[in-house]
Protein chains: 2
Amino acid sequence: PMRTLKLTVAYDGTHYVGVQRQANGVSIQQCLEDALAPLAGDPGGRGPTVAGASRTDAGVHALGQVASVNVTFDVAASAVQRALNVRLPADIRVIGVVDATPGFHARFHSTGKTYRYRIATTPVLSPFDRWFVWHSPGSKDVEAMRAAAAAFVGKHDFASFQGRGGTVRHTVRTIHRLDIREAGGEIVFEVEGNGFLRHMVRTLVGTLVEVGTGQRPADGMTAVLAARDRRAAGPTTPASGLTLMSVRY
Amino acid sequence: PMRTLKLTVAYDGTHYVGVQRQANGVSIQQCLEDALAPLAGDPGGRGPTVAGASRTDAGVHALGQVASVNVTFDVAASAVQRALNVRLPADIRVIGVVDATPGFHARFHSTGKTYRYRIATTPVLSPFDRWFVWHSPGSKDVEAMRAAAAAFVGKHDFASFQGRGGTVRHTVRTIHRLDIREAGGEIVFEVEGNGFLRHMVRTLVGTLVEVGTGQRPADGMTAVLAARDRRAAGPTTPASGLTLMSVRY
């Protein structure tokens with residue numbers, strides 16, 4: 001009988017081309033499918049197709065990515081977790097496996113996601129943080145950034161924040177929360193919403209940092225949204241600073 | 001005229017053979033000397049000899065290693081720091097440079113060092129911690145470990161804790177502090193002393209973990225010290241968990 005498994009996955013995305021299978025390198029999806037193949041009775045073959053909730057890009061990390069997969073093998077969820085972690089490289093860890101309602105789909109059924117973006121503002125970048133932050137030395141006006149960020153909370157058309165290559169035509173999303181905190185030489189953004197366009201978090205951060213460095217007025221965000229034009233927003237910040245924290249259903 | 005510079009250095013030791021130059025791979029010392037060579041008027045040559053305070057092993061990290069070097073070039077300390085960081089790989093960062101008293105030697109003149117050792121006790125190892133902890137899943141009796149650790153504080157002969165390859169004959173050292181705290185799936189040791197033998201911190205941790213897992217009695221540490229025999233102590237834990245935090249002068 002068909003079962004649907006819900007996997008919760010943490011990964012250091014530094015060495016991957018992203019979640020989705022791609023011809024040009026190793027993806028999280030490929031690693032998960034390869035690790036599932038022996039359980040599915042097809043060792044060395046391509047395992048059952050895994051769908052990730054968020055299509056994170058190359059270099060983006062996850063503490064709580066969720067993936068779904070339909071399987072027919074009869075192995076307890078906890079044993080599936082152990083078997084996957086034995087086979088997966090150490091920079092991908094399955095932190096939970098449960099049986100979901102058959103037909104559950106990690107991407108289509110998700111109702112919200114939380115991302116974190118870390119900026120290191122110290123003159124010298126810590127060697128321990130180099131893959132996990134964007135290094136942007138120099139102080140920023142965090143109060144101005146918070147004032148600007150308020151314009152993004154709620155239901156808005158985020159077309160201006162969709163990166164090139166984003167193909168979604170319905171660009172209205174709801175941001176429930178966009179917190180910015182500063183501590184220990186870091187500025188950390190945490191943003192929760194019902195869904196995000198391609199590069200949307202990184203472009204929101206890039207635009208807010210321009211507010212923080214005085215290149216844009218804090219009250220200019222409504223106009224950026226209204227433009228519905230990628231050129232109205234700021235730069236897309238590097239992937240390294242971004243981590244998918246959790247997915248809601 | 002000769003000057004002596006005091007460098008404070010942080011590094012991710014994962015990809016290095018240790019601080020000291022060795023024939024079998026790249027060392028922190030070699031990287032620092034290569035980066036100093038152009039300042040010393042010898043680009044591409046071997047730069048002035050750098051001495052590290054602590055001879056950390058392959059895979060051991062540092063937040064506050066100290067190194068000394070005698071130079072003759074006339075460049076301000078802050079400019080030396082910037083020039084070194086431009087040339088060094090990103091997993092080694094010079095976090096401070098000052099002019100020291102001429103003849104200052106980072107190792108010979110140090111009066112104390114602080115090390116941290118991190119153990120991850122969670123069943124699944126976080127992909128973000130994999131190079132920076134020792135993964136030893138399962139709970140440990142931290143109270144018993146603290147009781148046992150008390151026997152090490154003070155002036156003792158630590159011959160039982162000197163690793164093979166350690167050649168020091170005077171094995172008496174003073175430990176000022178050995179704290180053990182547990183939080184968020186980690187047990188973290190912090191130990192401060194006037195000096196440490198080869199592998200001493202990692203063997204102290206390995207012995208204390210055997211107390212924490214009930215393989216040794218908490219009151220057995222005095223006998224281990226008295227044995228003055230490496231075989232009386234527990235195993236040497238992996239290098240990955242160890243970080244040199246600071247050096248005192």
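The side chain of Arg216(A) reaches to 3.4 Å from the backbone oxygen of Ala233(A), and one of its polar atoms lies 3.2 Å from the backbone oxygen of Ala232(A). Such a polar contact is a pair of N or O atoms within 3.5 Å; within protein, one must be able to donate a hydrogen and the other to accept it, and residues adjacent in sequence count only if both atoms are side-chain atoms. The model is predicted, so local features need pLDDT of at least 70 and side-chain atom pairs count only at pLDDT 80 or more, while totals for chains, interfaces and linings use all residues. Residues are numbered from 1 along each chain as its sequence is written, chains are lettered from A and ligands numbered from 1 in the order in which they are written, and side-chain values use heavy atoms, with hydrogens and water left out.

Arg216(A) is placed in the loop between α4 (200-212) and α5 (221-227) of chain A. Helices (H or I, at least four residues) and strands (E, at least two) are DSSP runs, numbered from the N terminus. With a relative accessible area of 19%, Arg216(A) is buried; buried means under 20% relative accessible area, exposed over 50%, and partly exposed in between (1.4 Å probe, protein chains only). Among the residues that Arg216(A) touches are Thr207(A), Glu210(A) and Met221(A), where contact means heavy atoms within 4.5 Å.

The next topic is charged pairs. Side chains of opposite charge can pair when their charged atoms come close. In one of them, Glu33(A) meets Arg21(A) at 2.8 Å, N to O. This pair links distant parts of the chain, with Glu33(A) in helix α1 and Arg21(A) in the loop between β1 and α1, twelve residues apart. Glu33(A) is buried, with a relative accessible area of 0%, whereas Arg21(A) is partly exposed at 27%. In chain B, Glu190(B) and Arg177(B) form a salt bridge at 3.1 Å, N to O. Glu190(B) lies in strand β9 (residues 186-193) and Arg177(B) in strand β8 (residues 172-183), so the pair ties together parts that are 13 residues apart in sequence. In chain A, Arg177(A), Asp179(A), Glu190(A), Glu192(A) and Arg248(A) are linked in a network of salt bridges.

Aromatic rings form a further kind of pair. Rings of Phe, Tyr and Trp (its six-membered ring) pair if their centres lie within 6.5 Å; planes under 30 degrees apart count as stacked, over 60 as edge-to-face and the rest as tilted. Phe152(A) and Phe161(A) are both buried, and together with Phe158(A) they form one aromatic cluster.

Finally, the two chains meet. In this interface, 20 residues of chain B are in contact with 20 residues of chain A. The area buried between them is about 1,400 Å², of which carbon and sulfur atoms give 75%; buried area is the accessible area (1.4 Å probe) that two parts lose on being put together, summed over both. Between the chains there are four salt bridges. Arg130(B) forms a salt bridge with Asp12(A), the closest N and O atoms being 3.4 Å apart.

Terms used:
Salt bridge = Lys/Arg side-chain N within 4 Å of Asp/Glu carboxyl O. Lists of a residue's contacts leave out its neighbours within four places in sequence.
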